[in-house]
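Hello,

The structure we discussed is below, and notes on what was found in it follow.

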Amino acid sequence: MTSSDVMSHPDTVRAFRTVRRLVFAYLGLSVVTLAAAYALRDHPDLVNPAVWIRGTLVVASAVVTYLFTTRAARGSHGAYRRLRIVSAVMIAAIVVIICAPGTFPFWLKAEQALCGLVLAGVAAVVNGRHLRTLFARSDAT
């Protein structure tokens, strides 16, 4: 079986379709959050410098995550590995943001919780048996 046959297997296509949708939702939430910060920019109790920094970093990470997803779906082992790492690291960062007292307003913490749930779905799929086996197999060849 060739590499392209493996990547076009129905289980692989389904897994990456799910990951793409979840990452696109993460990107959408991130962009909407940055737009909300812009709309609320005249309310310093709702939008502080930490919101701008976090919002910008999250949009950037969502774009990078989408690029990793696209490349991994084409068979890039390196992109797959980075996708696994980035999804886990972002979940950990989100937990820190939610638990940090005072720095971030409640609305941003709520949005980050949603992003965390979406990324948990990404992490579950990319760390699932099918994709791990698929990319482990490509290491052996």
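Is the crossing of helix 3 and helix 5 left-handed or right-handed? This is a predicted model, where local features need pLDDT of at least 70, side-chain atom pairs count only at pLDDT 80 or more, and totals for chains, interfaces and linings use all residues. Residues are numbered from 1 along each chain as its sequence is written, and side-chain values use heavy atoms, with hydrogens and water left out.

The crossing of helix 3 and helix 5 is left-handed (the near helix is turned anticlockwise from the far one by less than a right angle). Their axes, lines fitted to C-alpha atoms over the stretch in contact, come within 11 Å and cross at roughly 20 degrees. The two helices are therefore roughly parallel (angles under 35 degrees). Helices here are DSSP runs (H or I, at least four residues), numbered from the N terminus. In this pair, Val-51, Arg-54 and Val-58 of helix 3 meet Trp-107, Leu-108 and Gln-112 of helix 5, with contact meaning heavy atoms within 4.5 Å.

Thr-33, in helix 2, is in contact with Trp-107, Leu-108 and Glu-111, leaving aside neighbours within four places in sequence. Thr-33 counts as buried because its relative accessibility is 7% (buried means under 20% relative accessible area, with a 1.4 Å probe and protein chains only).

Regards

Key:
Buried means under 20% relative accessible area, exposed over 50%, partly exposed in between (1.4 Å probe, protein chains only). Axes are lines fitted to C-alpha atoms, for helices over the stretch in contact, and angles run from 0 to 180 degrees between N-to-C directions. Angles under 35 degrees count as roughly parallel, over 145 as roughly antiparallel, 65 to 115 as roughly perpendicular and the rest as oblique.
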